[in-house]
Amino acid sequence: MNKQKEERLSFREAMAYSLRGFLLWWKAEPKIILSGALQRAVTALVPYLPLYFTARLVNAIAAGSDPGEVWQMLALLLISTAAVGAVQAAVNCWDKVMRYSQWPIWNRFFFDKLLSMDFCDVDDPGTQDLINEIGQVSNWAGWGLNRLYAHSADLIGAVFRILGAVVLSVSLFTLPVPQGSTLVWLNHPLCLAGMAALMILSVLAASALANKANSYWANHDGTAGNRLFGFYGFVAMKDRFRGTDIRVYGQDKSIEKGAMEMLDGKDGFGINSGIAGAARGPMGICLGASAAVSQAFTGVIYLFAGLKALGGAFGVGSITQYVGALAGLAQGITSLLENIGDLRANAEFLRPTYALLDIPNSMYQGSLTTEKRSDRKYEIEFRDVSFKYPGTETWALRHVNMKFRVGERLAVVGENGSGKTTFIKLLCRLYDPTEGTILLNGIDIRKYRYDDYLALFSVVFQDFRLLAQPLGQNVAAAIDYDRERAAQCLEKAGFGDRLASLPKGLDTCLYRDFEDDGVEISGGEAQKIALARVLYQDAPFIVLDEPTAALDPEAEAEVYTKFNDIVEDKTAIYISHRLSSCRFCDEIAVFDHGQVVQQGIHDTLVEKEGKYQTLWEAQAQYYQKRRSKYP
Ligand code: ADP
């Protein structure tokens, strides 16, 4: 993990990291902070109330007070305890409800960032590493923003616990043993200072030991074990698609081996794991010693308060008050120090979160609007465009020059890795060219408003994805949509018969992730729906990256026959491996090693010696062979 290579944060930096995270939560939803703080404060203060009244009651009984006064005291104890109990229940309830929003808010931090980032940065392997790291540390022990949320509330609780304890225990030191008692030496400032010092030392020692124990969790990198668990823990339960491979290839033995490693490996979760070893050894010793110091401290307070009561400084009932309050004080201070220690440790795990949130949007965004032209006259030109993917040294595109107008059908062909998809990514401004310019109606596309420019394109990417939502919403890419138009687009894309067979029509959910009556669709059907989505958008440019790759030959032929109807007056940019499917295009651009090596129509290109002819002949030969094999 990166954090091991980076210099450890100073205490100040760690607190600044924590404060930033705290403010993120506050900005996202102040109520989640308020409810947490209130719940911890009330929980911290509630035990002090019965402690105080019980002490008064026992003192009154021990002093032989008037029964009326005792009853009054008892009533007060019962009423106040009931009232405070009711308040605590209400606050607990609020806190619990607000905690349900913790994960959606956490998710939102990253969802918003990833959607607003420049696509080239989302696509960057470094960003994917950060996302993985954030997920791993969060899954491992809740490190990161989530832990910060919980611990800042606990910190507030600790402060209230300390304040309540101070109020209730201050008189232990100020009430003197009356003169004449043999225990009057307890009033001596040295005795009081000694007690205070003992108290501070034992609290510090208990906290330091507890922090030391916790540090084993922070230093133990459990992310590798978690990754193993993420895979092997669910391979049988969730990953039903692997089932066939596992059976056919007898992979159960290697899966079992991996699962055992998950359980018994050093980074795993079993009894031989590093963290279990620490728990049996130094971590366990530290925790035990911390508890022992706390208990010893309670004994000393009992002794001190008991002796003062014996000497007549206060009633015997007050002993429980002082012991309870000082035990609360010790717990409060321990919890405060523990939580500060935890914030310190957690700050290291906030690094990937902030590294992601701080990625700037560096793509230039202009302010020109793309005129909504009624004549739909748009012309796009690639002028000497070259491109390298960030962090790579090879040119994915080199000196590409091309022009196309609305209404034209452009086919982009070439072997795998020749730069076709990269060309589309640049066209849709998912990346900016490394060299050269792309122009829309003569103006650099960077000068247009990004959303405006993007709205000119409808794309079916090769690796498109549909959502497990109703069919109609998938087609319209919206929740509210024109049902008639969605149905027409599906019809045009060749999905009409299937739509008619669906009992819930456009409201049928795709896939069964969320609905039992959802439909599982084939790759070909998904491609038709994606095609319908393109048509629904009605953008002037439509881009189809291998649009028929998953279709059976019949459906493919149907799409080609209907291609003109589908595309209408729009510009179609059409990427395909199958040259036979490009014949109907007005222009064919042949890509090779990132360059446009040939351009023209099929009939001319096929006659000319060159890449197109080579590709064409290779494919034609394949078809001929197939034909002769299957007459
Ligand atoms: P095609 O669509 O013709 O198969 P691509 O445009 O996908 O080709 O790829 C062109 C070149 O760019 C290839 O060498 C490929 O390895 C490289 N490439 C594609 N995507 C990335 C990426 N995200 N990062 C780095 N290199 C990439």
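Predicted model: local features only at pLDDT ≥ 70, side-chain atom pairs only at ≥ 80, totals over all residues.
Let's start on the inside. The largest nonpolar core holds 44 residues, and the members that touch the most others are L471, V475, L490, I529, I588 and Y612. Helix α23, spanning residues 523-537, is the top contributor to this core, with eight residues. Take V475 as an example: leaving aside residues up to four places away in sequence, V475 touches A486, L490, I529, A532, R533, Y536 and Q537. Apart from this core there is another one, made of 35 residues, including L410, L427, Y448 and I573.

Now for the outside. A nonpolar patch sits on the surface, built from L19, L23, W26, L34, L38 and W94, and together these residues have about 550 Å² of accessible area. Two elements, α2 (11-28) and α3 (30-45), each give two or more residues to the patch, and α2 gives the most, with three. L34 belongs to helix α3.

Finally, a couple of backbone angles stand out. Y511 lies in the loop between α22 (496-501) and α23, and its phi is near 65°, a positive value in a residue other than glycine. Y511 counts as partly exposed because its relative accessibility is 22%.

Note on methods. Residues numbered from 1 in each chain as written. Heavy atoms only, no water. Core = buried A, V, L, I, M, F, W, Y, C linked by side-chain atoms within 4.5 Å. Buried < 20%, exposed > 50% of the residue type's maximum accessible area, 1.4 Å probe, protein only. Helix = DSSP H or I, 4+ residues; strand = E, 2+ residues; numbered from the N terminus. Contact = heavy atoms within 4.5 Å. Patch = residues over 30% accessible without salt bridge, like charges linked within 9 Å, V, L, I, M, F, W, Y side chains within 5 Å. Areas by Shrake-Rupley, 256 points an atom, 1.4 Å probe, with all protein chains shown as cover. Salt bridge = Lys/Arg side-chain N within 4 Å of Asp/Glu carboxyl O.
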